[in-house]
Amino acid sequence: MQSMKKVLIANRGEIAVRIIRACREMGLQCVTVYSTADRSALHAEIADESVCIGPASVQKSYLNQAALIAACENTGAQALHPGFGFLSESAEFAQLCLDNGIIFIGPSPESIAMLGDKARAKETMKKAGVPVIPGSDGVVGSVEAAKKIAAEIGYPVLVKASAGGGGRGIRRVDSEEQLEEQMLLAKEEARLFFGNDDVYLEKLIVGPHHVEIQIIADKQGNTVALGERDCSMQRRNQKVIEESPSPLMTPELRQAMQEAAVRAAMACGYYNAGTIEFLVDDDRNFYFMEMNTRIQVEHPVTEWVTGVDLVQTQLLVVQGKPLPFTQEDIEVKGHAIECRINAENPEQDFRPSPGTIQLLHIPGGPGIRVDSAVYQGYTIPPYYDSMIAKLIVHAPTRECAIMKMRWALSEFIVDGIDTNIDFQLKLIKNKAFQAGAYDNTFLEKFLDENKTKK
């Protein structure tokens, strides 16, 4: 059993602050890293120790593997938590940590590599009896092969980067005439963003619901599913609002999806926190999309409805300790909703809005949680993701949670920069959202309708 006393957090912003708090509650010391642009960032200010690892560029700081390993060695940190984004799903970095005697707080490099290759992951799921979207068996090597597969499964199809993520390297194709051009564009984007231009083909399920199952597994082979999150409210494949439970869920569907998620994790020899993402059609058929081998941005909604601290559980299982609960212990209680608060201007095509926060009021009260790393007087740098906070509410029913979110958003004040708070409020008040009658095409249609009205 591995033990640790000091954890280095290889991330920034609200997730770094979240991990600091989890470490402190478990009596662990924490070290944070920061770029020169983040010298005054909250995560750099409140940790036990903080180390500058490079200039503003992520390539020279938060993605600088050598600098992160050196920071562990220089501070005596026995473990490293990657958070989400950056190097959190890099099998190479996970292996580098292990090679240097550093505990990587995540799954094994082998699991990350298997699941990071989307085509290989899909094949693994098929063998494990997890429903998958019809498409190619692995990587498509030529346009001619792609045309043959597309004709068999029927248009529209998606060309997807095998090493993709974050909505990159995905192209919709509605006819054979478009296929060659879109395939070349997807391959080029994949090469630029992931260093790998392999693509595969998948049937496009029109108007699906994006529902994911949170799992946590220990090194003893115990895997537990922690309910689902509905992430269908998306813009350009980026999640905007998440909730749990999903409005379209039934007890039978939840059980089937959770059992499939557990099979998926066990087929990969998986341990630590992970999320299996599914697409669900209107007939409640579900299909494996991908597995994220890290803590998710939206993990707080699961924490609210299950009472499980996912980050602390990560810290437990990575040390070789068994899960402190079983599947029978997990009960989904009430309803939770998360709105991502971004420094951006929705009126100007969501243009990022870096700058200094001149006035800040954070909402509070029973059932309200704000995960953030900003403070009054803080200057948001232009180099990183625009998310500045996550507003999460919990209530006995979905109706009560929506009402609580409405008032929490109304009380959230950020002056000095543009934010999407008013935009989130419009979505929460929307009749389709209130009825739970939305899928992952809703937000783009909503935006198009609003443009037309103007």
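A residue is counted as buried when its relative accessible area is under 20%, and asparagine 272 of this predicted model therefore falls into that class, with a relative accessibility of 0%. Asparagine 272 lies in strand S12, which spans residues 272–280, and has a positive phi of about 85° although it is not a glycine. A second residue other than glycine with a positive phi is arginine 284, for which the angle is near 65°. Arginine 284 is placed in the loop between S12 and strand S13 (286–292) and, with a relative accessible area of 38%, is partly exposed. Most residues other than glycine have a negative phi, and most peptide bonds are trans.

Cis peptide bonds were also found in the model. The bond from tyrosine 155 to proline 156 is cis, with omega near 0°, and proline 156 is located in the loop between helix H7 (143–153) and strand S6 (157–161). Serine 244 and proline 245 are likewise joined by a cis peptide bond, with omega about 0°; here the proline belongs to the loop that connects strand S11 (238–244) with helix H9 (251–267).

Strand S1 (residues 6–9) is covered on both faces, since Lys6 and Leu8 on one side and Val7 and Ile9 on the other are all buried, that is, under 20% relative accessible area. S1 runs parallel to strand S2 (residues 29–35), to which it is joined by 4 bridges, and parallel to strand S4 (residues 79–81), to which it is joined by 3 bridges. Valine 7 takes part in both pairings, with cysteine 30 as its bridge partner in S2 and alanine 79 as its bridge partner in S4. Together with helix H1 (residues 13–25), S1 and S2 form a right-handed β-α-β unit.

A search of the whole structure for cavities of 30 Å³ or more returned 1, and the largest cavity has a volume of about 40 Å³. Its lining includes His81, Phe104, Arg294 and Gln314, and the lining residues divide into 5 nonpolar, 6 polar and 1 charged.

The second largest pocket has a volume of about 500 Å³. It is lined by 24 residues, of which Pro346, Glu347, Phe350, Phe423 and Lys426 are the closest to its centre. Strand S22 (413–415), helix H13 (421–429) and helix H15 (442–453) are the elements that contribute two or more residues to this lining, with the largest share, 6 residues, coming from H15. By class, the lining of the second largest pocket comprises 9 nonpolar, 4 polar and 11 charged residues.

Notes: Residues numbered from 1 in each chain as written. Predicted model: local features only at pLDDT ≥ 70, side-chain atom pairs only at ≥ 80, totals over all residues. Heavy atoms only, no water. 1 Å grid on protein atoms, 1.4 Å probe; cavity = no way out; pocket = protein on both sides within 12 Å on 5 of 7 lines; lining within 4 Å. Points joined across faces, edges and corners; volume = space filled by probe spheres on them. Nonpolar A, V, L, I, M, F, W, Y, C, P; charged D, E, K, R; others polar. Buried < 20%, exposed > 50% of the residue type's maximum accessible area, 1.4 Å probe, protein only. Pairing = 2+ DSSP bridges. Right-handed = clockwise from strand over helix to strand, strands pointing away.
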